[in-house]
Amino acid sequence: MGHDRVLASLNLFAVLQNLEELVKLDPQAAALCADWNVSMSFSVLNGPAAWIEFGNGSCTVKKGWDLKADIALKFVSCRHLNLMFESKRPPIIARGITRLPFLLSKFPQLTKRLEYYLKPDEKLLETDELFRRMNTILTLNTAAFAAVELASYDPVCQHIASAIPQGTVLLKILPDGPAVTLFIKKDGWQAQKGDIENPSAKMLLKDMDIAGAFLNQKLDIFCAIASGDVAISGTVPMLDNLGLILDRIPLYLA
Amino acid sequence: MTAYSHEKSRALFERAAKVIPCGIYGHFSPAPLIPPSDYPFYAESGAGSRFVDVDGNSFIDYMCAYGPMVLGYAHKKVDAAAAKEHKKGSCLSAPAPVMVELAEYLVDLVFGMDWAFFAKNGNDVTTYAVMVARAATGRKKVVAIKGGYHGVAPWTQGLGHHGVLEEDCGHILRIAWNDFDAFASLVEKHPGQIAAFIASPYHHPVYADNQYPAPGYWQKVQKLCNQKGIVLIVDDIRCGFRLNMAGSHVFFGFEPDLVCFCKAIANGYPISALMGKGALLTDAAKVFYTGSYWFSSAPMAAALATLAELKRINGPELMLAFGEKLCKGLAETAKSHGYDLKVSGAPSMPYLRITDDPSQMLHQKWCGLCTSMGAYFTSHHNWFVSTAHNETDLTDTLKIADRAFEMLKKEKR
């Protein structure tokens, strides 16, 4: 798979799903979409597709097609979709042209808010605890969902994934979460927000700061494990190989 | 039995983390020691089968420095031989006569091998072996086993590991252990392109049960290699001199072209060796390969003394016998508490695993508990025994294991 195909999957299924959490946890984002009642689909010709639904102050992001979406955005290629994510090229509006004001002004405000957390200002990361917390939560989710896409489409990750035993991996920030769970099966991987009992392997991150440093590639993970900032147990080869996959996220989502 | 504490180890590690990548890197990293809080990070001294950490805790050592310690720490004969050589000048502008003595000794000792080349680490000689095979055959591809470990050079690591290029492992073809048909298929698929087949004498991966060769496996591999001009390399770095003094290929009844030794060869002194058949001597000579300290004479003297002593006391037999008693005792202790402790691999370097929990968390806890009471067990890697392990060690170890199982059971309740 080419870089654009992998990136398109990451944009749709690892980045966009963060809107769910953003709307839940960020008051500014929640206020923005409090009265939205709209669904949108994103689909690439012969490529990946996702849809988003806003209603009752919440947001749901799903894989696949929604033929009845109020707004249907089409892309002629993965590259086209990726350029839209960089605000460099508009989508083709196949349905919902009457919602143009929403598309041009309201929705971008929400995605800007997402970008604010996911492409963080280094100073804010250092000084603002709430900002750091949001960045960490969203980056944790991005990592889990990105791992699924990379294991499916990135050639190097496909190779790594082929060596990972089947089972479940829990990544959890202590003391009470958030957490993500990866279900690793031969026929495909799945990510899920939240905890699981009796995983095959687990990685427990001591607090938000340690998790933030780990997810932003600023932690010597071997030191962190030795010092107890990160606790691993269970089927360690799952974690070793998952780590290699997570380390490839910045090649796409720098 | 009270659990050890590790204040000095942790304080040192804090300092190390600031100035050394990983704090402690490589196979000595505490990361796979689960939980790390149960393990010492720094050792102060060792004698016989035991070592003492910087906090003064004493451990019956079942890792033996991950293999090099084979006669016991601070072994008098070996240390005296090394010290005598060192005093003469261990790193001079020309090799010492002991290099020739050691090569001759090894050629006499190891079955079927006609020459020896010395380096420092296992990785040095596995890489050299592959280079010799490629030089001899003019071919690129090397067949290795999935999960097999041959060092840290890029060709030995998998795609996706940091610092490893696709090109580094592009000619390494991995197949499952004991799958002769897979090897035969590769030979057919890549006619005239396979330079070498490399594997350890039996399969000893980490985090998984170890596996002996299936009946006839090595003999079939050898036959096909001989027929097709493929160099058969045995990585005897972990097993060497723990199964048979003449090489582990004698233990399993086959004849390789090249054999890699390290670990047990010099009881902890830094030296490794590649040995080969006479037919490959000229090719080996053509490959330029060297290192600043590869001619140090003290480790060579240590190797001579170690091998002579191992031979005198029949070290492999002693270790296999002790390992049998240890594994049997531990399995019985486990059973008495309602647990199943599975033993695989050679008794002189066994891999143990509590099967009651497939995630291995239970096994990790048990190994951690045993270590925190003085029996140094790891949960991810095969263990090693030495000729210094004795009946007192066995009794003490079984007591510790018993107590650890008891604690596991209590925790479960």
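Helix α11 (residues 236-246) of chain A contributes four residues to the lining of the largest cavity, the most of any element. The model is predicted.

**The largest cavity**

- Rolling a probe the size of a water molecule over the atoms shows where empty space is left.
- The count comes to one cavity of 30 Å³ or more.
- The volume of the largest cavity is about 40 Å³.
- Its lining is made up of Leu171(A), Met203(A), Phe214(A), Leu239(A), Leu242(A), Gly243(A) and Leu246(A).
- Sorted by class, six of these lining residues are nonpolar, one is polar and none is charged.

**The second largest pocket**

- The second largest pocket has a volume of about 640 Å³.
- A total of 28 residues line this pocket, and those closest to its centre are Asp357(B), Ser359(B), Met361(B), Leu362(B) and Lys365(B).
- Elements of chain A and chain B each supply at least two residues of the lining: β9 (201-205) and β10 (230-234) of chain A, and α11 (361-372) and α12 (391-412) of chain B.
- The lining of this pocket has 13 nonpolar, eight polar and seven charged residues.

**Contact between chain A and chain B**

- In this contact, chain A takes part with 22 residues and chain B with 21 residues.
- About 1600 Å² of area is buried between chain A and chain B, and carbon and sulfur atoms give 71% of it.
- On the chain A side, the residues that lose the most area to chain B are Phe222(A), Ala226(A) and Leu244(A), which together account for 28% of what that side buries.

**Two packed helices in chain A**

- Two packed helices are described by the angle between their axes and the distance between the axes.
- Helix α2 (residues 18-25) of chain A packs with helix α5 (residues 100-118) of chain A at an angle of about 90°, and their axes are 11 Å apart.
- Angles of 65 to 115 degrees count as roughly perpendicular, and α2(A) and α5(A) are therefore roughly perpendicular to each other.
- From α2(A), the contact is made by Asn18(A), Leu19(A), Leu22(A) and Val23(A).
- From α5(A), the contact is made by Phe107(A), Leu110(A), Arg113(A), Leu114(A), Tyr117(A) and Leu118(A).
- By class, the residues in the contact of α2(A) with α5(A) are eight nonpolar, one polar and one charged.

Notes
Residues numbered from 1 in each chain as written. Chains lettered and ligands numbered in written order. Predicted model: local features only at pLDDT ≥ 70, side-chain atom pairs only at ≥ 80, totals over all residues. Heavy atoms only, no water. Axes fitted to C-alpha atoms, helices over the stretch in contact; angles between N-to-C directions. Parallel < 35°, antiparallel > 145°, perpendicular 65-115°, else oblique. Contact = heavy atoms within 4.5 Å. Nonpolar A, V, L, I, M, F, W, Y, C, P; charged D, E, K, R; others polar. 1 Å grid on protein atoms, 1.4 Å probe; cavity = no way out; pocket = protein on both sides within 12 Å on 5 of 7 lines; lining within 4 Å. Points joined across faces, edges and corners; volume = space filled by probe spheres on them. Buried area = accessible area lost by both parts, 1.4 Å probe.
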